[in-house]
Amino acid sequence: MSSSNYYDVTTWPVGNPSQDVGEVINSMIADIKCRQTVADASNGGKPGAVIYIPPGDYRLRTQVVIDVSFLRIQGSGHGFTSSSIRFNVPEEEWPDLHELWPGGSRILVDLPLEVDEDESKGAAFYVERNGSPRLSSVEFSDFCIDGLHFKPDGSGMHPENTYVNGKTGIYVASSNDSFRVTGMGFVYLENALTIYHADALSVHDNFIAECGSCIELRGWGQASKISDNLIGAGFRGHSIYAENHGGLLITANNVFPRGASSVRLDGVTRSSVTNNRLHSFYPGMLILGGGSSENLVATNHFLRDHEPWTPFLGIDNGLDDLNGLLCVSGTNNSVIGNHFSQIIDSQSIQPAGATPVIIRLRAGAGNFVSNNHVVAMDVHPKSGDSCFSAQVDALLTTEASVRLSVTSVLVDPESSGNTILDSGSDTQVVADRAANAFRPTPTVGF
Amino acid sequence: MSSSNYYDVTTWPVGNPSQDVGEVINSMIADIKCRQTVADASNGGKPGAVIYIPPGDYRLRTQVVIDVSFLRIQGSGHGFTSSSIRFNVPEEEWPDLHELWPGGSRILVDLPLEVDEDESKGAAFYVERNGSPRLSSVEFSDFCIDGLHFKPDGSGMHPENTYVNGKTGIYVASSNDSFRVTGMGFVYLENALTIYHADALSVHDNFIAECGSCIELRGWGQASKISDNLIGAGFRGHSIYAENHGGLLITANNVFPRGASSVRLDGVTRSSVTNNRLHSFYPGMLILGGGSSENLVATNHFLRDHEPWTPFLGIDNGLDDLNGLLCVSGTNNSVIGNHFSQIIDSQSIQPAGATPVIIRLRAGAGNFVSNNHVVAMDVHPKSGDSCFSAQVDALLTTEASVRLSVTSVLVDPESSGNTILDSGSDTQVVADRAANAFRPTPTVGF
Amino acid sequence: MSSSNYYDVTTWPVGNPSQDVGEVINSMIADIKCRQTVADASNGGKPGAVIYIPPGDYRLRTQVVIDVSFLRIQGSGHGFTSSSIRFNVPEEEWPDLHELWPGGSRILVDLPLEVDEDESKGAAFYVERNGSPRLSSVEFSDFCIDGLHFKPDGSGMHPENTYVNGKTGIYVASSNDSFRVTGMGFVYLENALTIYHADALSVHDNFIAECGSCIELRGWGQASKISDNLIGAGFRGHSIYAENHGGLLITANNVFPRGASSVRLDGVTRSSVTNNRLHSFYPGMLILGGGSSENLVATNHFLRDHEPWTPFLGIDNGLDDLNGLLCVSGTNNSVIGNHFSQIIDSQSIQPAGATPVIIRLRAGAGNFVSNNHVVAMDVHPKSGDSCFSAQVDALLTTEASVRLSVTSVLVDPESSGNTILDSGSDTQVVADRAANAFRPTPTVGF
């Protein structure tokens, strides 16, 4: 219908973008495929297109299915606002609120979901193509995907706090190359971004928060980057998860709570987690599991403190304080130059009376743990206050607290041949000295 | 007047964008508020809008006041050029110049300013809203804000070199969430970007130079990032300043002179200054003040050398060479893996004959200073040359210089319980060995 | 012809953008210069323009010549796909491929090139202006430059694998300030991006692969950044090259093979190579040559393994395994907290039987090499498989291998006064202990 490769959802003749932007976009994709049929018309022929979503509210009742390369879907606003805060404001105060919902170029995910349906069915954008080549250069930029509501999970928790609704923002099912996700907002989705089999993927400068899980790179993949994002998952999920990836660069992200883990890697090798700021309310902030090997974890700032907000008090990820903030089951990893702040109430330690662990080498061999600085404080936090300034106040408090005794590095018998340098005093590092090389951080009078 | 949420300043019926783009944009914001009145129309209703500023010169005589969420103001060009170089070219040569002013999508800030008026009055864009929720997701991208001229400061200095004019680019007065400032250019403003009470702010990939102060995060805030910017403030101000922030990530910035400080943090905790390139003409390049604690300062490159440009010869920030390039008044910070180059003329050291200090721990306790490399050279710079190739030449010169004796780490009596490892030889580190843990960098023959 | 500063190549009256987009864009630039003639019309007058390239295939038969500041050329899609994989698919299978060419907003570089012509003649975009001021704020964003084909190099290699065709994407010949290259795709060019005399340049978040050389900063320059790019050059060229630059920040890049070097710096000083992920099939991954001094190389992940893909088996960069993955000829550099994985077949080592070197200090003095972790494995790779999942499989393999003996640091007699700490055991570091300070990494039982 169009002779151009520029589409605007508000001017397309098929469908009603307010009522079902999914139908509109699928019609555009059909049009692209209808017009771009020749693979080699004068050295080109299938350049793809851009679909523009101006600021506005667009309900999505039909899943968008993308099976063409070089498609960019672009808005003009990531539109995040905290739905979590809003839903926890007493309902009688809602009329006093300036606005109730996220905004920008906003997709309202309203798919008809059956119970126990395949996870991919709940995706607003579903990307898959068989055959060769892999899909290349699909881009999502500068719009908002909003899952609208969470729902009861059977626990009796406020339904809007469960992080459960079966909805996914973008789900990429098949092998892909050079995809980009940039400047997006994701909110109130059980999974924001799930990508299988990624090669040279860039997830850069997005706002992904109040989603069950934020970024999951599944299956396997290589040579990708997750950089410069603001991210915070729910207590069940991961802010960043990757499995069987090589050469992944996770850097310059500011990862805030909650997230069962800030970053969890399974079977990931020769990758970097460097230069991130990580904040969590539970142990297990960064897990290198499943034999993750030869990775570099360097110059990250880890902060673990307590949940300050009433609706989530008592929630945790099930891990006790012996798990460590950083937990490694793998070989030949490097852990260099990280700062760890553990700011907790000693009365809350699990198991009670235990000495909390900061870095735990659980299995594997040959890890190099060097020049990490651990700060641990025993505090009695004033929790239960939901306002922003109180949150900041808690975050800033460093004075009225006393030093907490911790194990800075614990090496299990199943892990050996590690080198631990300047990452804790002689008493703070618990490791078999006959099986691991060790140099304690000097102490005064040394 | 519009039924769409896409606005273009050149086609709007109210006002004249060349004469006063402020009036035009305020009229658009009024239109947005007039049209978007229902907070919950089918789960939406207030998506905000995008206001587009095509490349062009737009004088701003009326302050833009933003009090709606989800507003993006967007141009197509950051438009920086060096006004400083131009104003210091002899006036008789101006007719030979290809162009005289910055460009791109350019706002010419021309507000009627009274002497000693409240600072916020001089802001081109003023952002404030009372009540709940906080403003969310206001975005500024890809345009230029030009303050046009500096003015006499009473010192007798050339008026265009004072960095004083009472003008601010963007001033955010009230609590805010998920704001973005991306791809912008700021030039010849006394303050480029002043933001109070920021939560999850992103200041990313901007060009902010020849402004008195560049980025100031005031009041308090949390979980924000300042990343991947090119920044350079005036001799009075700060390239990056933050107070009472927690979880701030300052990374991957290239901060060039001048700037009284490249980065100054007051009362900032659990934050990161990592992986930046910092260049300054004065001591006090990075100051952690006001009890800034538990921060990570890692893998930054610090270069301090001399002002090479005639118009600013003799100007400094009032700090002598005992202040250190990095000065810490705070507790439990980590300073790991930084490179420091101090390239100065020993004849210029203040106080005369003193041994300059690189890292100074002035007050506090428990800081961890490890694996920092200090290079210090005594040079006799050829100053007074303004051309770009000469500047680069000065920056590249490493040969015809001799090693300068410095104190790599100085720990004041008011700071104790610190750990200093591999950051200077036994003679280069001045600290009470009974109050601080110390391991000297090995020297040849060790 | 236009009264606006917004241009669209598909609606411009001059030329045919499908047949020669170069002619179209040059006509637009002429129009800009024709309309913007007054340097100081009400404090402005030459704001530049944006030229928009919608998604589509645009042949370029005339070189675009840019000699105005504040010009942004912008598309809606970086459009990368692997031409290399496609050209190595048997031709009889091409009809089964979904698409054959890159896409997005795609420039097909089809300049008439003579043999041995000056390199700049082969540039799709040529940028140069004499006089003052330097060109400022030229921006390239979000489009694709495709060189289409490589050509025979006389070696008998498949012509599409030679990385030779005399074509350059963007060539900046004269001094420039505050340029930006963002969100671009470059493919099948002999040189993607060649920039002379850059000041405060930003090359950010691009996809530059399957080009002979990717980013070359030539001549001299300062205060620039190359950040957050996905990059991979051909076996002859460099992924990132810079000469005589000061204050360059190279960070957060994911650099994949091939590339004779991942990063090569000649005469570069006071710059940073930090926080990158580097992967190569040859030694000489990062070379600090030509007296490069006072640079910081920190928290990078280096992986060197073997070429897995049949078409390039037997190709190398001519350097043997004694050159090191990181090779330094220069003074006062810092090499801190890097991870090195060397995963090679011991049968392939050159010279045969040699002990491979990881870090080599070849000439200079005063370098600080601290806390680097070297992992070296002897493997028998299954090569010859071209599919993506097999590549990832090779990248992930860490198990069935045995440790390989390496020299972690080799200091030549021509380099002295270096400090080497915790970067290898006593036997792994080969250096004159009387001329260099050395502390071995502790080993078990130490």
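In the predicted model, A:Glu93 is placed in the loop that runs between helix H2 (83-87) and strand E6 (105-109) of chain A. This residue is partly exposed, its relative accessible area being 39%, and together with A:Glu91, A:Glu92 and A:Asp96 it contributes to a patch of negative charge on the surface.

Within chain A, the loop between strand E15 (191-199) and strand E16 (202-204) holds A:Ala200, a residue that is not a glycine and yet has a positive phi of about 55°. A:Ala200 is buried, with a relative accessible area of 3%.

Side chains of opposite charge can pair when their charged atoms come close. Over all chains, a search of the whole structure finds 78 salt bridges. One of the pairs is formed by A:Asp110 and A:Arg61, whose closest N and O atoms are 3.9 Å apart. This pair links distant parts of the chain, 49 residues apart, since A:Asp110 belongs to the loop between E6 and strand E7 (123-127) of chain A, while A:Arg61 belongs to the loop between strand E3 (56-60) and strand E4 (64-66) of chain A. Both partners are partly exposed, with relative accessible areas of 27% for A:Asp110 and 38% for A:Arg61.

In chain B, a salt bridge joins B:Asp422 to B:Arg439, with the closest N and O atoms 2.8 Å apart. Because B:Asp422 lies in the loop between strand E40 (419-421) and strand E41 (429-430) of chain B, and B:Arg439 in strand E42 (residues 437-439) of chain B, the pair ties together parts that are 17 residues apart in sequence. Here B:Asp422 counts as buried at 0% relative accessibility, and B:Arg439 likewise counts as buried, at 11%.

A further salt bridge is found in chain C, where the closest N and O atoms of C:Asp31 and C:Arg35 are 3.2 Å apart. These two residues are separated by about one helical turn, because they stand four residues apart in helix H1 (residues 17-35) of chain C. C:Asp31 is buried, with a relative accessible area of 5%, whereas C:Arg35 counts as partly exposed at 27% relative accessibility. Elsewhere, salt bridges that share partners join A:Arg72, A:Glu139, A:Arg180 and A:Lys225 with C:Asp142, C:Asp205 and C:Asp228 into one network.

Backbone geometry was also examined in chains B and C. The peptide bond from B:Gln350 to B:Pro351 is cis, with omega near -10°, and B:Pro351 lies in the loop between strand E33 (339-344) and strand E34 (357-365) of chain B. In chain C, the peptide bond from C:Pro257 to C:Arg258 is cis, with omega near 5°; C:Arg258 is found in the loop between strand E24 (254-255) and strand E25 (261-266) of chain C. A positive phi of about 60° is found at B:Asn371, although this residue is not a glycine. B:Asn371 occupies the loop between strand E35 (368-370) and strand E36 (373-378) of chain B and is buried, with a relative accessible area of 2%.

Terms used: Residues are numbered from 1 along each chain as its sequence is written. Chains are lettered from A and ligands numbered from 1 in the order in which they are written. This is a predicted model: local features need pLDDT of at least 70, side-chain atom pairs count only at pLDDT 80 or more; totals for chains, interfaces and linings use all residues. Side-chain values use heavy atoms; hydrogens and water are left out. Patches are made of residues with over 30% relative accessible area and no salt bridge: like charges are joined within 9 Å, nonpolar side chains (Val, Leu, Ile, Met, Phe, Trp, Tyr) within 5 Å. Accessible areas come from the Shrake-Rupley method with a 1.4 Å probe; for residues, only the protein chains shown count as cover. A salt bridge is a side-chain nitrogen of Lys or Arg within 4 Å of a carboxyl oxygen of Asp or Glu. Lys and Arg count as positive and Asp and Glu as negative; His and the chain ends are not counted. The place of a charge is taken as NZ of Lys, CZ of Arg, CG of Asp or CD of Glu. Buried means under 20% relative accessible area, exposed over 50%, partly exposed in between (1.4 Å probe, protein chains only).
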